[in-house]
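Colleague: Could you take me through the helix packing and the core of this model, one step at a time?

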Amino acid sequence: MINRRAWSAAAAAMLTMGTLGAALPARAAGETPDALIKRVSTDVLETIKKDPSLREGDVSKVNALVNDKVMPYVNFRRMTSASVGPAWRQATPAQREKLETEFKALLIRTYSGALTQVSNQTINVKPLRAAAGDTDVLVRTEVLGRGEPVQLDYRLEKSGDGWKIYNLNVLGVWLVETYRNQFSQEINARGIDGLIETLATRSKMPATPPSKG
């Protein structure tokens, strides 16, 4: 199980989940990946600090925050397909749409409960280790606040309209790999429709951080 304090400290920045949405702002197209992460993370943190209903974990407000400030910078189709694994190729278009919808709802429910711990956190983006022309990069950051810094790293890919996040790592635990292990067990037992049903049920449960593995 990932340390609860770590999840709480990193919760705001980890709300980089959603489905592909509106077109990217013009400035994002020429923005470096580390500058993008710094800007979006800081914007989300500052918004949460100013809004008591967000800090109280209001799911509808969290969902609106994600849709408005985060969705354009995430390739959630890739994140979902990688989490589902090989079974994604056998899923119908309708099943894929439901998987994205329910996975997003689960992630928002999971992390909204940790927002009560957001207070004076800030984001430190470490120097980017990437060569010119790279289209897949790792941006390493730390969430600074109470206690030890919390490692929070992002994998991004470059698309035609800028950089987009497709995976993230909290304290050495990658989100996609964590959920792939969980989802594969459900798919083996009950198939794609069984996974969709499970995601829908879990998204309505009280918020708890996902386990490691």
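**Helix packing and core**

Modeller: In this predicted model, α6 and α8 pack with their axes 6 Å apart, at an angle of about 70 degrees.

Colleague: How are α6 and α8 oriented, roughly parallel or roughly perpendicular?
Modeller: The angle between α6 and α8 is about 70 degrees. Angles from 65 to 115 degrees count as roughly perpendicular. The relation of α6 to α8 is therefore roughly perpendicular.

Colleague: By class, how many nonpolar residues does the contact of α6 with α8 have?
Modeller: From α6, the residues involved are Met79, Ala82, Ser83 and Val84, and they meet Leu175, Val176, Tyr179, Arg180, Phe183, Ile187, Ile192 and Leu195 of α8. Sorted by class, the contact has one charged residue and one polar residue, while the number of nonpolar residues is 10.

Colleague: How do α3 and α5 run relative to each other, roughly parallel or roughly antiparallel?
Modeller: The axes of α3 and α5 lie 11 Å apart, and the two helices pack at an angle of about 150 degrees. Since angles over 145 degrees are counted as roughly antiparallel, the arrangement of α3 and α5 is therefore roughly antiparallel.

Colleague: Which residues of α5 make the contact with α3?
Modeller: The crossing in which α3 passes α5 is right-handed. On the α3 side the contact is made by Val40, Asp43, Val44, Thr47 and Ile48, and on the α5 side by Leu65, Lys69 and Val70.

Colleague: Which element gives the most to the largest nonpolar core?
Modeller: Of the 45 residues in this core, Val84, Leu99, Phe103, Leu156 and Leu175 touch the most other members. Helices and strands both contribute, and the elements that each supply at least two residues include α3, α5, α6, α7, β2, β3 and β4. The element that gives the most, with nine residues, is α8.

Colleague: Beyond its neighbours within four places in sequence, which residues is Phe103 in contact with?
Modeller: Phe103 is one of the residues that touch the most other members of the largest nonpolar core. With its neighbours within four places in sequence left aside, Phe103 is in contact with Phe76, Met79, Thr80, Ser83, Leu175, Tyr179, Phe183 and Leu199.

Colleague: What is the relative accessible area of Leu171, which has a positive phi although it is not a glycine?
Modeller: Leu171 is found in the loop between β4 and β5, and its phi is about 55 degrees. Buried would mean under 20% and exposed over 50%, so Leu171 is partly exposed, with a relative accessible area of 39%.

Terms used
Residues numbered from 1 in each chain as written. Predicted model: local features only at pLDDT ≥ 70, side-chain atom pairs only at ≥ 80, totals over all residues. Heavy atoms only, no water. Helix = DSSP H or I, 4+ residues; strand = E, 2+ residues; numbered from the N terminus. Buried < 20%, exposed > 50% of the residue type's maximum accessible area, 1.4 Å probe, protein only. Core = buried A, V, L, I, M, F, W, Y, C linked by side-chain atoms within 4.5 Å. Contact = heavy atoms within 4.5 Å. Axes fitted to C-alpha atoms, helices over the stretch in contact; angles between N-to-C directions. Parallel < 35°, antiparallel > 145°, perpendicular 65-115°, else oblique. Left-handed = near helix turned anticlockwise from the far one by under 90°. Nonpolar A, V, L, I, M, F, W, Y, C, P; charged D, E, K, R; others polar.
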